[in-house]
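Hi,

Here is the structure I promised to pass on. Have a look, and then read my notes below.

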Amino acid sequence: MYWAAATALLSHWRRHPVQLATLLLGLALATALWSGVQAINAEARASYGRAASVLDQNRLAQLVERDGDLISADRYALLRRDGWNVSPVIEGDVRFGRERIRLIGIDPLTMPPEGQSVETAEAQDLFDFLSPSGLLIVSPATAERLEGQTAMKLKISGQMPDGAAFADISIADRLLARNGGLSRLVVAPEQALDLGRLDQLAPGLTVRQAGDRPDVAQLTDSFHLNLTAFGFLAFAVGLFIVYAAIGLAFEQRRSTLRTLRALGLSLSAVTVTLMVEILVLALVAGLTGVVIGYGMASLLLPGVAATLRGLYGADVPGTLSLRPEWWATGLGMAIAGTMISSAQSLWRVRNMPLLATAQPRAWARASARSARFQLVAGLLLIAVALTLSFTGKGLAAGFGVLACLLLGAALLLPAILSGFLSIMQGRSSHPLAAWFWADTRQQLPGLSLALMALLLALAANVGVGTMVSSFRLTFVGWLDQRLAAELYVTARDEDEASRLRIWLMDRATTVLPIWNVEGEVLGETLQIYGVANDPTYRDHWPLLRGEKDVWDQIATGRGALVNEQLWRKKGVEIGDQLPLPGGWSVSIVGIYSDYGNPKGQVIIGIDKLAEHYPDVSRLRYGIRASPKAVPALKEQLTGEFRLPSENVVDQASLKQQSRGVFEQTFAVTGALNIFTLAVAGFAMFASLLTLSGIRLPQLAPVWSMGVTRRDLVAFEIARTLALWLATFIAALPVGLALAWVLLSIVNVEAFGWRLPMHVFPADWLQLGLVALAAAGLSILIPLRRLMAVGPSELLRTFANER
Amino acid sequence: MLLSLRNVSKTYATPEGKIEVLKGIDFDLPAAQSVALTGESGSGKSTLLHLVAGLDQPDSGQILVAGRDIAGLGDRGRAAYRRSDVGLIFQQFNLIPSLDVAANISFHARLAGRQDTTWETQLIETLGLTSLMRRYPEQLSGGQQQRVAIARTLAARPALVLADEPTGNLDETTGDTVLGLMLSLTKSSGAALLMVTHSPRLALMLDGSVLLRSGRIA
Ligand SMILES: Nc1ncnc2c1ncn2[C@@H]1O[C@H](COP(=O)(O)OP(=O)(O)OP(=O)(O)O)[C@@H](O)[C@H]1O
Ligand SMILES: [Mg+2]
């Protein structure tokens, strides 16, 4: 009995293969998008973790020889004797057979815990590490490369970046033949109070401060956050398809279910059968989805890797390793998603009266009551989104706004379209036009889920596209502003700096000092920069707001600029007095954008800086010169002036690189956009195909009254295009709102800075064309079906044998 | 003569082979006359009606409507003919489900460019549809639907009304009322009527009747 019942229910899928394919493909695509994005994020995060473990030492301040020489062991001993808590590092490239490796030799006994990147806590490990034969700590990939190339013991650590190895300092000294010469000394954060002055103890050594570059994690987090949001959205769009397909399958099996119940099958047996069926479908589709997602991620990851490497200097391998947790989360999402989208159908089955007559088109007619409920729920959600966006605090509120906005807009769409169509119907004077609009409205219930999915996909495209483009425009523009000088030079000592100034006098247009001190302002340790009174700043500096004579006030020393982060975090305003270290204060006259910097920053006039902080290091300079002269100047600085090349940075090439990287980012988001749109197009196709099966009785009367079949086909095309177009137009404001939320709420809450929004109507046009093409594709097969219908098939609808 | 059929034949190709349904029909219908088309099931009554309505094409022969042969018309020509010259009433699914009763009734007349609101109002009142104007077809009973279909057809003032068992789906009392209304209104509109029916009783209510047997008019 039970098996007979199960077979009866399952035979539905054999008779409706397209429906089954729709369901499986929809779920698989949704899972693929989700797990693909997760895979990219996980891989990137894992490799930041690895890179950070090595960089962690660099997070601490370091002592290095000013001229780049090695530090002698005597100096190190001297500092230690004086009570300096420093730890030696030897770093260099070493060859093992054919393999070249970055070797970092550390002293685990003196290395401060913040710099201990790899666990050597186990006694045996530490013993091996310190043993004369030595131990190399390497990543799994590096271990493979070194296989057979060295006799040294290898310890594999997932935290290591590829191509690098940790070893004990004595081993590194031997392998690199340094004879006691040290590369640098790591300075522990905790130091005794009564230390001797560095310039007396060890002249020639300078402190390299930690965190000289923008925090990689901060900027990349922004990128990943947005990717995750995108992945989730795509998943939601996919679930619409699943929801529609399952709902249809359940409706069509109503009479079967009723018969089975009448034959004495218990309600729980029916429910269990249906649950098992859904679970099996979810598993099959979920597995397929994870595989597709993996393929997608490995296609996209090289692009993402290039983006992150170029943009933030974060090293991500371009290849993907298969992690078991994806299988788990991917499948979990698929099953949870299917369960959620079939909950309503299951609930209906449980409450189905045993005797009610079958209503073949009930699912498509979606009673007026549920339409009203949708409208109310949609309005409520939009209201919540609005309220949250003005009153909410924190990242969770930001995501709450996103969710409410999108869901609310999707729920409102059918009501809005229906209103639009009945207005159009009322305004049409020709009977065929009126019929066209009325008939389109009649199709709405059957299409509304697909249209909602389309709305979300289009809105996501507009929203994320706007965000990425705004990000690019702002970031590149900001780079242009911040890096206005053609060349940045860092002298090795004060002596060299003054010689440099003189040397540059007749070779450069302007030499701008870039001096800064660190100090405590409003309870936060931050950088205070001094700037010269120069058009470079007046014309370029990225001011968000400021008084008219900002630069005059800075030049005279009365005013200061603060960055956006400080402004937002501390709530200071223009006109406020800002107390600065040393017991003086200036008035805030402007606020500037400072993307990617997690900390606050203050800018004052260079004279004031020198006056209040006389021992400021005067080593860095921005050089303005004609772009044509830059290569030669660079050449001379490194050649004649013998500056190490890393002390002379040519900003033009840096900018170029950044721009190239953004094109990569575009490729990634573009691909994700296309995927999401494809999912929505597929949903539309599935719905149109289902509807085409019940179309004939609706078209036959019109045909019989003198409309050719050709014209009816043309009307079908126009109808689909009209619905797509209306949805596209509705998606524009939703997408812009989405972008606004991402840029102005989520980003601010997450990272402390706000990106200005730029609008790109040309991109919309392009998206519109893509959507149009998808619309054309989605109606192709249903239309071919309609065109193949002959007069006798149409006529049959009027006869009683139907 | 409003309608003249000359030697009209129609064959259907089916998996079991060709069926010759109509084998040379000759038939005349004067203007403003009503004729019942009878015959047993499968004799080809509906087929003949569809050919006259321009919904399908005969294999050979002429179908002259007011002297014009519609058998030779293309898709577009036949559509125009249906639009302006004939009115059709079928057994069911005559109405456009997405339009309300009011819009359904005026649809054909407006399509033909012949809307006459006085005449329309008269039809609506006579057929007792006044209170149903805002309803949709699915909210009507079978008899109500057929009354709307009659109003819709006659509102367009076609010269020729073709009906295929218009009351076949209704019970006898309702069917008789609806048919009575149809006959009197067709008469007063001055249209000719060709109506397919199984029932000799109903056939008697018309001006004349013809019998279709073995593909010919008997
Ligand atoms: N499209 C078609 N393809 C093939 N055969 C057809 C088609 N339409 C009708 N026939 C066949 O042609 C014959 C006549 O059909 P038709 O519908 O004209 O009969 P009818 O007289 O209207 O019958 P009824 O009184 O049952 O409505 C039947 O045998 C039918 O099976
Ligand atoms: Mg028939």
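Below is what I found, starting with how to read it.

This is a predicted model, where local features need pLDDT of at least 70, side-chain atom pairs count only at pLDDT 80 or more, and totals for chains, interfaces and linings use all residues. Residues are numbered from 1 along each chain as its sequence is written, chains are lettered from A and ligands numbered from 1 in the order in which they are written, and side-chain values use heavy atoms, with hydrogens and water left out.

Chain B first. It has seven helices and 10 strands (DSSP runs numbered from the N terminus: H or I of at least four residues for helices, E of at least two for strands). Its radius of gyration is 17 Å, close to the 17 Å from the globule rule for 218 residues, so chain B is as compact as a globular protein of that length. (That radius is taken over C-alpha atoms, and the rule is 2.2 Å times the number of residues to the power 0.38.) The C-alpha trace of chain B spans about 50 × 35 × 35 Å along its principal axes. Of the 218 residues in chain B, 56% are buried, meaning under 20% relative accessible area with a 1.4 Å probe, protein chains only.

Now chain A. In helix 9 (residues 254–262), the buried residues are R254(A), L257(A), R258(A) and L260(A). They sit on the same side of helix 9 because their arc around the axis is only 160°, judged by the directions from the helix axis to the C-beta atoms. Just after helix 9 of chain A, G264(A) has a positive phi of about 105°.

Cheers

Terms used
Buried means under 20% relative accessible area, exposed over 50%, partly exposed in between (1.4 Å probe, protein chains only).
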